[in-house]
Structures are given as C-alpha cells and as structure tokens.
Amino acid sequence: MPHNIARELMLEFMVMNKNVRQHKLPEGNFKPWEIMTLMGLENHHSLRMKDIATMVGLAPSTITQMMDSLVERGYIERIPSDQDRRSINLVLTPSGTAIAQALKREAERVFERITEEIGEAETTQLLTLIKKVNTILGTPVDPCLVNPKENV
C-alpha cells in the first residue's frame, strides 16, 4: 500500500475520532475513559477497579486516581468487595445511571445518523473493516462494554 494512502487513512481516523468525541451532553463533557467506565458499569451491577483499568487500557494505579473525578461528581461509588477486602467495586449512582443512559442514547443517535447517511450496505462494509482493523491492532471490543454479566 502506498505510503500516502496509509497517511491519509491515519489522518481520516484522527478526524473521525475528533468528530465523534465532539458530541457533548448538556450535563457536560466526558473524557473517553469516563464514557467507557459509565457505559461499562451501566451494563453490569458493578465492576472491580481492575476490570475498569483493563477496559480502558490503563494501569490499576492510574485508574484509582481517575475514578476520583467520577466519584466527586456523584456518578459512581466505591464499594468494598465482599469476596476480597483488597478489592474495590465500582457501582453507578442514580445520577450516574442517568448519565450513562444519556451517553448511550447520544452515541446511538450519532451512529444511526451515520447509518442513515451512508446506507446499510456501506455501514455493514465499514463495520467489517473496523472489526478487521481492531483484530490487526489487537484491540477487540471489550466484553465489559457489550455483555452484561453477573456481579464481579
């Protein structure tokens, strides 16, 4: 593949990422890791700090400080684990649940618009290609974002 196509692809991915992230809620701006955390927790009753760290791709020591922001804003609570005294579970507060649902609705609205504009066939092609890219990069969709499971 010619170098200029790879560069153009890189730039288009950067622009697309910026465009998707520019959609904000009236409740405020949210960083990508905050959105992933809130939506992941919305799919589960609770997640361990370790699970959140894995989901957003950061070290557990880093995620602990980052969660402070969501705790201070009243979106999540830290709950000691019943099974392991060293482990902390995160759960959504009622306002966190409302924000997570609003973020999900906004994301669905954005991607429904894309689907309407480019059509189902091209959307299916795009989805197939994005999945291939994620496989190549080794970053498939995190199950915490997709599949609800029992309490961790």
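Which residues form a nonpolar patch on the surface?

**View 1. A nonpolar surface patch in the predicted model.** The patch consists of Leu9, Phe13, Met16, Val20 and Phe111, which together have about 430 Å² of accessible area. Helix H1, spanning residues 3-21, gives the most to the patch, with 4 residues. One of the patch members, Val20, lies in helix H1. Val20 has a relative accessible area of 32% and is therefore partly exposed, as it passes the threshold of over 30% that patch residues must meet.

**View 2. The aromatic pair of Phe30 and Tyr75.** A search of the whole structure finds 1 aromatic pair. Phe30 and Tyr75 are tilted relative to each other, with 5.8 Å centre to centre and 45 degrees between the planes. Phe30 belongs to the loop between H1 and helix H2 (32-42), and Tyr75 to the loop between helix H4 (60-72) and strand S2 (76-80), so the pair ties together parts that are 45 residues apart in sequence. Both partners lie under the 20% limit for burial: Phe30 has a relative accessibility of 13%, and Tyr75 has a relative accessible area of 11%.

**View 3. The largest nonpolar core.** This core comprises 23 residues, and Leu38, Ile52, Ile63, Met67 and Ile76 have the most contacts inside it. At least two core residues come from each of H2, helix H3 (49-56), H4, strand S3 (88-92) and helix H5 (94-137). The greatest contribution is that of H3, with 5 residues.

**View 4. The surroundings of Ile52.** Leaving aside residues up to four places away in sequence, Ile52 touches Thr37, Leu41, Leu47, Ile63, Met67 and Leu90. Among these neighbours, Ile63 and Met67 are also listed with Ile52 as having the most contacts inside the core.

Key. Residues numbered from 1 in each chain as written. Predicted model: local features only at pLDDT ≥ 70, side-chain atom pairs only at ≥ 80, totals over all residues. Heavy atoms only, no water. Patch = residues over 30% accessible without salt bridge, like charges linked within 9 Å, V, L, I, M, F, W, Y side chains within 5 Å. Areas by Shrake-Rupley, 256 points an atom, 1.4 Å probe, with all protein chains shown as cover. Salt bridge = Lys/Arg side-chain N within 4 Å of Asp/Glu carboxyl O. Buried < 20%, exposed > 50% of the residue type's maximum accessible area, 1.4 Å probe, protein only. Phe/Tyr/Trp six-rings, centres within 6.5 Å; stacked < 30°, edge-to-face > 60°. Core = buried A, V, L, I, M, F, W, Y, C linked by side-chain atoms within 4.5 Å. Contact = heavy atoms within 4.5 Å.
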